[in-house]
Amino acid sequence: MNNLLKRQTCSVLKWAFANLAQNNLTPSKTTIKGTGFSYITQNPRFYGRKAHIQSHDLIKDNSVIEAQDALIEYLHSTRNLQYVDAENISRNSPNFLEKLLKSVENEKDAKQSLRRLFCYHPINEFEPFFESMGMKPCEYSSLLPRDMMYLADDQRLLANYHVLCEYGVSPNKIGKIYIEAHEVFGYDHGSLLSKLNSLQAKGFTQSGVAKLVSSCPNVLVNDDFLKVLEALTDVGIAHSWFEENILEENSYNWSKILEHLCLIKGLCCSNGDLKELLYNNSTILLEDSGDTAISLIVFLIKFGASIDDVLTVFKQLPQIKIRVFQSNLKNCHQFLRDIEMDDDDIANIIRTHSHVLGSCRLKSVKTLLNGLNSGKKRLCDIIKENPLELKKWVIGKKLKALPKSKNNFSEEKIRFLSTLGFVENSDEMNKALKLFRGNGGELQERFDCLVNAGLTRDDVAEMVKLAPQVINQTREVIEMKISFLVNDLGYNVSSLVKYPAFLSYSIQKIKHRFAMYKWLTDRGKVNGNLALSTVLATSDKKFVRVYVDRDPEGLIVWDKYKKQFFSDEKAV
């Protein structure tokens, strides 16, 4: 009898504890005396808010799933959309589902509530459809049809949507196509597929066309891309270049790219140069549709860079975005101004070491002055002596204080100046060390360039003493100016001995002055044997007054040549 009572008591208590457990109470272990039976119960004293929040989140998650299922059921069973379309729309339109759930009173039974809602309040099916295509509500609100609310009413839209999906375009990328090339969704049967196939026939793979169309929808509605494709094919760039370098998340303006391609092509000496350039760094043409590259070219030309200098910069571009390179370059330019370096020195460093400046993200001037324990003048001297020192001062590298030194000039530079006749430790040597820019090797290279042009070493030595700025330029710039003097102007290279300062003028000014001088001599207004110094050394104001004004049309021609040879009035 006792055993029977014991079993009945246990049964009752099990039922009681089970009933407590159903009321979301906190667990607690309880032992029934005399029975040896232990049971985990929910202790109401430890009831907390966390359990309530978790329960609420669980209900919310379940309601979203139920809402998705209800929308699938409605679109597929009631509206007769393909199940794949109905599921894709429902699973990829969270904003629309959230709006639906706000209209439902009982979230615990969202599916049933939404079924009733769909029966009496049909939805605008274009809203979740556009959202599933990757559009945000703010993007598609103005694109919703005013006279339709059912997708089945726009069969062309659905048909062309299916063409893109079946071709390999991800459904969530189609929204971008709808925004940028809306007209393709109104094409007749077969037209869109024909366009896609025609792109593939140009040499692309099917996946390549899908990627191209996803990132550049306008290739479906205008011919600018085909013109770019043709131009690049002419220089030997394969179609795979597009597939490898075009990014789906970016947008491309092919009209701009075509315009910039023609400009960059004009900078290159051959198709081979252009091909090498674009294979090494596609961002030259594709980043910001080429805008940043053109901006970089203009920036370099402002500081007197030649076409060859610009090409060299592009060939040496590090594997970073051009906009980052240009930002670094401009920041370095501002850094050099902040340490009060001369404008001529800044221009020279930018022309000769752009690839270094563009690769460096420098610390602030204040940080460097404190960390290096140096003044601005010493920083200027170090950079002028060896611009590569800038690499040691980038963000992220630890600074070491510079050693105390009264003279920071290299022995190599001193040896070079000694060969010109300067005496070491003399006042003349100290002045020369400050006047001549560059290290000893660079100065020797420029000196030899003048000798190789046909001048004697003694003549060149006298020239650089008279006009130190002659060898403060790069070898390429010196060679270019000598070539223009001899081949275009018809002077003998020996004329530089009498007037070495010719080489210190910018090529823009030289071309401008001599073009005007030739025009005046052809019209008999000026003597045809003026000295180099007479043509160049005179100020613009005096040259116009003394020579240009001799002809009634002179000032017009002067301005015309000025626009022709100076792409920008700040050009060096």
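**Cavities, a pocket and ring pairs in a predicted chain**

Let me begin with the largest cavity, which has a volume of about 100 Å³, where a cavity is a set of points on a 1 Å grid over the protein atoms alone at which a 1.4 Å probe fits but cannot get out, and a volume is the space filled by probe spheres set on points joined across faces, edges and corners. This is a predicted model, in which local features need pLDDT of at least 70 and side-chain atom pairs count only at pLDDT 80 or more, while totals for chains, interfaces and linings use all residues. Residues are numbered from 1 along each chain as its sequence is written, and side-chain values use heavy atoms, with hydrogens and water left out.

The lining of the largest cavity, meaning residues with an atom within 4 Å of a point, includes Asp345, Asn348, Lys384, Arg437, Glu442 and Arg446. Helices H20 and H25 are the elements that give two or more residues to that lining, with H20 providing the largest share, five residues; helices here are DSSP runs of H or I of at least four residues, and strands are runs of E of at least two, numbered from the N terminus. The whole chain has 32 helices and two strands.

Turning to the second largest pocket, about 360 Å³ of space lies in it, a pocket being an open set with protein on both sides within 12 Å along at least five of seven lines. Its lining comprises 18 residues, and Asp309, Thr312, Thr352, Thr474 and Glu476 lie nearest its centre. H18 (307–315), H20 (343–357), H25 (440–452) and H27 (475–488) each supply at least two lining residues, and H18 gives the most, six. Thr352 also lines the largest cavity.

What about the aromatic rings? The structure holds 21 aromatic pairs, counted when the ring centres of Phe, Tyr and Trp (its six-membered ring) lie within 6.5 Å, with planes under 30 degrees apart stacked, over 60 edge-to-face and the rest tilted. Trp241 and Phe242 form an edge-to-face pair, 5.2 Å centre to centre with 90° between the planes, and both are buried, that is, under 20% relative accessible area with a 1.4 Å probe and protein chains only, against over 50% for exposed and in between for partly exposed.

Finally, the charged end of Arg79 sits over the ring of Tyr150, 3.9 Å from its centre, and that of Arg513 over Phe543, at 4.6 Å, the criterion being NZ of Lys or CZ of Arg within 6 Å of the ring centre and within 35 degrees of the ring normal.
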